[in-house]
Amino acid sequence: MYSFLRRILFWLPAETAHYFSMNCLQLVSSIPFLRNWISRKFSYSEARPVQAFGLSFKNGVGLAAGFDKNARYLRELELLGFGFIEIGTVTPKPQDGNEKPRLFRLPKDKALINRMGFNNEGVKVVAERLKNWKLTQESRNLRTPRLIIGGNIGKNKLTPNEDAWKDYEICFRELFNVVDYFVVNVSSPNTPGLRALQEKDALHKILSHLQTINQQQPHPKPLFLKIAPDLTLEQVNDVVDLAREIHLDGLVVSNTTISREHLQTGQQELDAIGAGGLSGAPLRQRATELVEYISKQSNSEIPIIASGGIFTGPEAREKMDAGACLVQVWTGFIYVGPTIAKDICKSL
């Protein structure tokens, strides 16, 4: 059924199809008996709960940041069986992101290229929406583990890198009471100069500042760093050392890549698409290698949320075997469809 719907959706521009399909799901989910049917159809009741970095996940399959940037579709995504959702990337001020078109499909490679540019409604709007969501969740008095929400935070495009720490602090403070864990995003290729913040000194300034604020709270939140798959081994070693020094709770491995190696899509089409981060199946091997390397370098002491090229249960298991404690999907959701969380849960 989804293969047929996907062909129709793929006739639409990628970003248009995304919002059209999610808005349709939101509309259908507003009808109680259909909402219950969706939950029964796409949730896996026998999924294995996961305890990680002090949080209880009803299953180990999450949706990566970038899919629900503004926390608009949490109810609908929970119905589809995800154990956790990472909202964002959220910035202090609202921003439109880059010019459209900025999201492209590569069907031959089961991949996407995006240069969204941290388009979001701003941290205050997102925080208010999450506050309302949290109140709704609490009123349901759920017996099963609730949906875990991660907050992926970044800097505004116009903020100079030397002031980036201020943007991360603003987002951290605004979201602190409405998310369960934080992810610092300095690895998107779509904000000019952002990846320069992955250098050791710049990272240390941002992360140590956030961790200082975090430890001043009565109940600190898990703090993660999301890294690019394009880092050199020396840079990865620096990240591991920094994670230990600052006592990060873990790493998200990994973001999109700027590489275009070994793609089936023709060079002419790639040139027409232009710049952006590549995600999907071509990223699978590199992401797994990174997970395994970091796990060994840290003696499995640093929890890892694995992301990159996960479409099936065996591919998720591959990431777990490499050292991850949780997995995230994004591009796989587009190509596999709404059964992806359930299918993967059956293998975990």
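Here is a quick tour of the charged and aromatic side-chain contacts in this predicted model. Local features are included only at pLDDT of at least 70 and side-chain atom pairs only at pLDDT 80 or more, while totals for chains, interfaces and linings use all residues. Residues are numbered from 1 along each chain as its sequence is written, and side-chain values use heavy atoms, leaving out hydrogens and water.

**Salt bridges**

- Side chains of opposite charge can pair when their charged atoms come close.
- The structure has 15 salt bridges, each being a side-chain nitrogen of Lys or Arg within 4 Å of a carboxyl oxygen of Asp or Glu.
- Helices here are DSSP runs of H or I with at least four residues, strands are E runs of at least two, and both are numbered from the N terminus.
- R173 counts as partly exposed because its relative accessibility is 47%, whereas E169, at 16%, counts as buried. The cut-offs are under 20% relative accessible area for buried and over 50% for exposed, with partly exposed in between (1.4 Å probe, protein chains only).
- E301 pairs up with R244, and here the closest N and O atoms are 3.7 Å apart.
- That pair links distant parts of the chain, 57 residues apart: E301 is in the loop between α10 (284–297) and β12 (304–307), and R244 is in helix α8 (residues 233–246).
- With a relative accessible area of 54%, E301 is exposed, while R244 is partly exposed at 33%.
- R284 and E318 make another salt bridge, their closest N and O atoms being 2.8 Å apart.
- Since R284 is in helix α10 and E318 in helix α11 (residues 313–322), this pair ties together parts that are 34 residues apart in sequence.
- Both ends are partly exposed: R284 has a relative accessible area of 31%, and E318 has 25%.
- There's a network too, with R72, E121 and R129 joined by salt bridges that share partners.

**Aromatic pairs**

- The model has 14 aromatic pairs. Rings of Phe, Tyr and Trp (its six-membered ring) pair if their centres lie within 6.5 Å; planes under 30 degrees apart are stacked, over 60 edge-to-face, and the rest tilted.
- F172 and F182 are a tilted pair, at 4.3 Å centre to centre and with 35° between the planes.
- F172 comes from helix α6 and F182 from strand β8 (residues 181–185), so the pair ties together parts that are ten residues apart in sequence.
- F172 is buried, with a relative accessible area of 1%, and F182 is buried at 0%.
- F311 and Y335 are tilted as well, because their ring centres are 6.2 Å apart and their planes meet at 40°.
- F311 sits in the loop between β12 and α11 and Y335 in helix α12 (residues 331–336), so this pair ties together parts that are 24 residues apart in sequence.
- Both F311 and Y335 are buried.
- F53, F57, F84, Y181 and F224 make up one aromatic cluster.

**Charges over a ring**

- The ring to look at is F10: the charged end of R105 sits over it, 4.4 Å from its centre. The rule asks for NZ of Lys or CZ of Arg within 6 Å of the ring centre and within 35 degrees of the ring normal.
- R6 also lies over the face of F10, at 6.0 Å from the ring centre.
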